[in-house]
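Here is a short briefing on the structure shown below. Points are grouped by topic.

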2 protein chains.
Amino acid sequence: MDLSLLYDAKGCHVPLAEQIAERINQLIIDQKLTENDKLPTEFELMEILDVGRSTVREALKILVARNVLEIRRGKGTFVCKHPGMNKDPLGFAYMQDKMRLAHELMEVRTQIEPWTASLAAQRATKADMEELCGYCEKVTDMDLPERQHREADLAFHVCIAHCTHNQVICNLTPIITHSVQVFSDISERIIRLKTRISHQQICDAICAGDSQAARAAVLSHLEANRENWEKIARESAEKVSTS
Amino acid sequence: MDLSLLYDAKGCHVPLAEQIAERINQLIIDQKLTENDKLPTEFELMEILDVGRSTVREALKILVARNVLEIRRGKGTFVCKHPGMNKDPLGFAYMQDKMRLAHELMEVRTQIEPWTASLAAQRATKADMEELCGYCEKVTDMDLPERQHREADLAFHVCIAHCTHNQVICNLTPIITHSVQVFSDISERIIRLKTRISHQQICDAICAGDSQAARAAVLSHLEANRENWEKIARESAEKVSTS
């Protein structure tokens, strides 16, 4: 029995359900269960882990809350697509000064995203390029409804990350790109017009394998975003201060 | 009532406890509750949210599992230090090819950390520098036991991030630095000797406000780490393949 399961970093006793959740988690890692793999049933887990049904249930609930598992009614318990990752892993929602957050995020994106695009230009396969062009077509389509446009935009940026074939970049990108949704309740018509060209430039540069051009295109894309983004953050800050 | 609470992205009905967890979460954000702030009692929450005790309890458990809240026995329920952040938000533990992960993480760190150090050199206050020197002294002390050394090492790198006064960098750094612990079960004596000098150089450069030197010192620090790190990953990969 791993003693580190019994006591936390502060030396406090860890509740049983928590310990069992940790053991089920380790089971998932050891058995290399991934997306769509089915977990043993509650009864099997009771036997494997030698605990009662209520403890197993409690432990499964903890892992569902942590996005490691999902319960599909009538089908069983399955491993999530990105186990352990939540929608806002850097806790942006809890940062109170949204104006400051907007600036700080932009600083980080200006550093990471041009570099990501330059790697993408060096490493994208034929299949990657086709996928990227598909998303680019969608994202530059001005007739697409707001919500679908936002999804296509995120998919386009995640696709660039995939072109790098670096999993860490893949997991990091949606976090800092998706974050834009922290300030996303205004009309995005203007920004869509502005970023239409830069989206196309990014796609072209990556497909041409031109890493310098890819870097420059992303920088100018972020620059086009910046003005609008700061406006959103300012309005969001005002809304908070008057509410 | 916010309809987005009732249905998830796939249009499935969200369980009541999950909806209530989301509303308590929003309460924390709206009321700007932060570290060590006490949450209303279960009875108060029952009244505010107009639900039964078991639902409130279920919802609180979900938020505890998500590291938003912590329960202190006999004292009540409190907001966590970094609400919503877990130990492994990029899901490194679930990536199976550790050797590949080591390479990919090093690629990302080589991009982000020298830049972070250069910003730190430009922005560190007098107080920041004193704190950094304190951690540097600790981390270069060869007599410190392994575990405390690892803590001091992490604290040193997190402190550099704090010197940038960018919260996004602050929250991002422990994730990519801490990740080293994915491969951390071998003796670190050799690497401690190797990185001793580079830790001191990083500290000196930041305190001198020399951003070029800070960038270079971090790059050579990562280079000193790389060889050892790849060795660890290789051993870890072999261990997995033979187990």
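Chain B can be laid on chain A with an RMSD of 0.1 Å, by a turn of 180 degrees and a shift of 0.0 Å along the axis. That is the relation of a two-fold axis. The model is predicted.

**Chain arrangement**

- Of the interface residues of chain B, 100% are also interface residues in chain A, so the copies meet through the same surface.

**Fold of chain A**

- Chain A has nine helices and two strands.
- The order from the N terminus is α-α-α-β-β-α-α-α-α-α-α.
- Chain A has 243 residues, and buried residues make up 46% of them.
- Take the contacts in chain A between residues at least 6 apart in sequence: 67% of these join residues at least 24 apart.

**Asn25(A)**

- Asn25(A) sits in helix α1 of chain A, which spans residues 16-30.
- Its relative accessible area is 12%; the cut-off for buried is under 20%, so Asn25(A) counts as buried.

**Strand β1 of chain B**

- Leu69(B) belongs to strand β1, residues 69-72 of chain B.
- Leu69(B) has 1% relative accessibility and counts as buried.
- Neighbours within four places in sequence left aside, the contacts of Leu69(B) are Ile28(B), Leu39(B), Leu60(B), Leu63(B), Val64(B), Thr77(B), Phe78(B), Val79(B) and Cys80(B).
- Leu69(B) and Asp37(B) are 32 residues apart along the chain, and their C-alpha atoms are separated by 9.9 Å.
- Glu70(B) is also placed in strand β1 of chain B.
- Glu70(B) is partly exposed, with a relative accessible area of 24%.

**Rings and charges**

- Phe78(A) has Arg72(A) over its face, at 4.2 Å from the ring centre.
- In chain B, Arg72(B) lies over the face of Phe78(B), at 4.2 Å from the ring centre.
- Phe78(B) is also among the contacts of Leu69(B).

**Second largest pocket**

- The second largest pocket holds about 380 Å³ of space.
- Its lining comprises 21 residues.
- Nearest the centre of this pocket lie Lys81(A), His82(A), Pro83(A), Gln167(A) and Met95(B).
- Helix α7 of chain A, residues 167-178, gives the most to the lining, with three residues.

**Positive phi in chain B**

- Asp50(B) is not a glycine, yet its phi is positive, at about 55 degrees.
- Asp50(B) is in the loop between α2 (42-49) and α3 (53-65) of chain B.
- With a relative accessible area of 68%, Asp50(B) is exposed.
- His165(B), although not a glycine, has a positive phi of about 55 degrees.
- The loop that holds His165(B) is the one between α6 (146-163) and α7 (167-178) of chain B.
- His165(B) counts as partly exposed, at 39% relative accessibility.

Note on methods. Residues are numbered from 1 along each chain as its sequence is written. Chains are lettered from A and ligands numbered from 1 in the order in which they are written. This is a predicted model: local features need pLDDT of at least 70, side-chain atom pairs count only at pLDDT 80 or more; totals for chains, interfaces and linings use all residues. Side-chain values use heavy atoms; hydrogens and water are left out. Copies are superposed by least squares on the C-alpha atoms of residues with pLDDT of at least 70 in both. Contact means heavy atoms within 4.5 Å. A charge sits over a ring if NZ of Lys or CZ of Arg is within 6 Å of the ring centre and within 35 degrees of the ring normal. Helices (H or I, at least four residues) and strands (E, at least two) are DSSP runs, numbered from the N terminus. Buried means under 20% relative accessible area, exposed over 50%, partly exposed in between (1.4 Å probe, protein chains only). On a 1 Å grid over the protein atoms alone, a cavity is a set of points where a 1.4 Å probe fits but cannot get out, and a pocket is an open set with protein on both sides within 12 Å along at least five of seven lines; lining residues have an atom within 4 Å of a point. Grid points are joined across faces, edges and corners, and a volume is the space filled by probe spheres set on the points.
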